[in-house]
Amino acid sequence: MGNHNSFNLNHKEQLHSARINSLNKDPTLGMLPMEKLGKLLIQKSLEEDSINGIGCGVFKRYLFPQYPEMARKLFAFLVTSSGGPASSHVISYSNFKTQTERLLSVLADDRQVLMYVTMYADGKEEIDQDQFRDLLIAVYKLAMDHYPEGPQSCRYIFKTVQAVVDSAFHKKLTLKVGYLTNWILQHCPRLIVLLHRYIVHILSTGYRSVIEKCPYSKPNVSIYIFIFK
């Protein structure tokens with residue numbers, strides 16, 4: 001009986017010591033994914049760019065190295081959603097955590113589409129043809145880069161994208177963000193799904209790449225889906 005109690009006590013002490021050692025090796029152990037990511041990005045921003053807070057450069061390099069323009073727009077959206085200017089290259093840990101957790105929450109389809117159209121409209125009430133074209137190209141590139149059989153390309157992509165732009169804009173130079181959101185929901189409702197899933201995936205697991213001190217590589221699972229009906 002005494003030996004059994006002694007064994008349990010020693011076992012608990014060993015587990016406690018192992019946890020303390022793990023915490024010393026990784027101070028983010030026990031944190032939620034977004035907490036980990038935020039703390040690690042702050043550390044990298046200070047080490048590499050001498051920035052207090054989370055810098056846009058580190059955000060792009062470690063999470064979205066293949067898609068820097070998309071990363072820039074996403075970062076600006078996080079900044080403006082927390083009340084900062086779109087031109088800011090820094091976001092605080094608390095604002096980053098709040099906005100990314102909101103992005104990761106379950107959003108209705110119309111909210112998702114509105115969010116990304118607003119993001120590519122640089123937070124304005126209207127979006128022009130070039131901005132919508134950039135959104136379409138970003139989704140296309142993302143889909144083709146993660147095709148099950150490997151990266152693909154299409155020689156007619158620019159004609160296809162322009163046809164979509166022409167169909168949405170009807171020769172107008174700009175559209176209201178709300179109008180384009182409704183148009184997408186009606187004519188290509190799955191357009192934003194891939195983009196949103198990819199960003200959620202990267203934000204949820206990106207802390208691993210920061211810990212490994214290397215930019216994030218492609219996910220090891222295919223996230224390709226058909227975009228248009």
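## Cysteines

A disulfide is a pair of cysteine sulfur atoms within 2.5 Å. By this rule, the count for this structure, which is a predicted model, comes to zero disulfides.

Cys-188 has a relative accessible area of 1%, and because buried means under 20%, Cys-188 is buried.

## Aromatic pairs

A pair of aromatic rings is described by the distance of the centres and the angle of the planes. The structure holds seven aromatic pairs. One of them is formed by Phe-59 and Phe-75, with 5.4 Å from centre to centre and 55 degrees between the planes, and this pair is tilted. The pair links distant parts of the chain: Phe-59 belongs to helix 3 (residues 56-63) and Phe-75 to helix 4 (residues 68-81), and the two are 16 residues apart. Both Phe-59 and Phe-75 are buried.

Another pair consists of Phe-132 and Trp-183, whose ring centres are 6.4 Å apart. Their planes stand at 85 degrees, so the pair is edge-to-face, the class for angles over 60 degrees. This pair also links distant parts of the chain, with Phe-132 in helix 7 and Trp-183 in helix 9 (residues 177-187), 51 residues apart. Both Phe-132 and Trp-183 are buried.

Helix 7 (residues 129-145) includes Gln-129. Is Gln-129 buried or exposed? Its relative accessible area is 18%; because this value falls under the limit of 20%, Gln-129 is buried.

Which residues are in contact with Gln-129, leaving aside its neighbours within four places in sequence? They are Gln-162, Val-165, Phe-169, Lys-171, Lys-172 and Leu-173. For Lys-172, a specific distance can be given: its backbone oxygen lies 2.7 Å from a polar atom of the side chain of Gln-129.

Technical notes: Residues are numbered from 1 along each chain as its sequence is written. This is a predicted model: local features need pLDDT of at least 70, side-chain atom pairs count only at pLDDT 80 or more; totals for chains, interfaces and linings use all residues. Side-chain values use heavy atoms; hydrogens and water are left out. Helices (H or I, at least four residues) and strands (E, at least two) are DSSP runs, numbered from the N terminus. Buried means under 20% relative accessible area, exposed over 50%, partly exposed in between (1.4 Å probe, protein chains only). A polar contact is a pair of N or O atoms within 3.5 Å; within protein, one must be able to donate a hydrogen and the other to accept it, and residues adjacent in sequence count only if both atoms are side-chain atoms. Contact means heavy atoms within 4.5 Å. Rings of Phe, Tyr and Trp (its six-membered ring) pair if their centres lie within 6.5 Å; planes under 30 degrees apart count as stacked, over 60 as edge-to-face and the rest as tilted.
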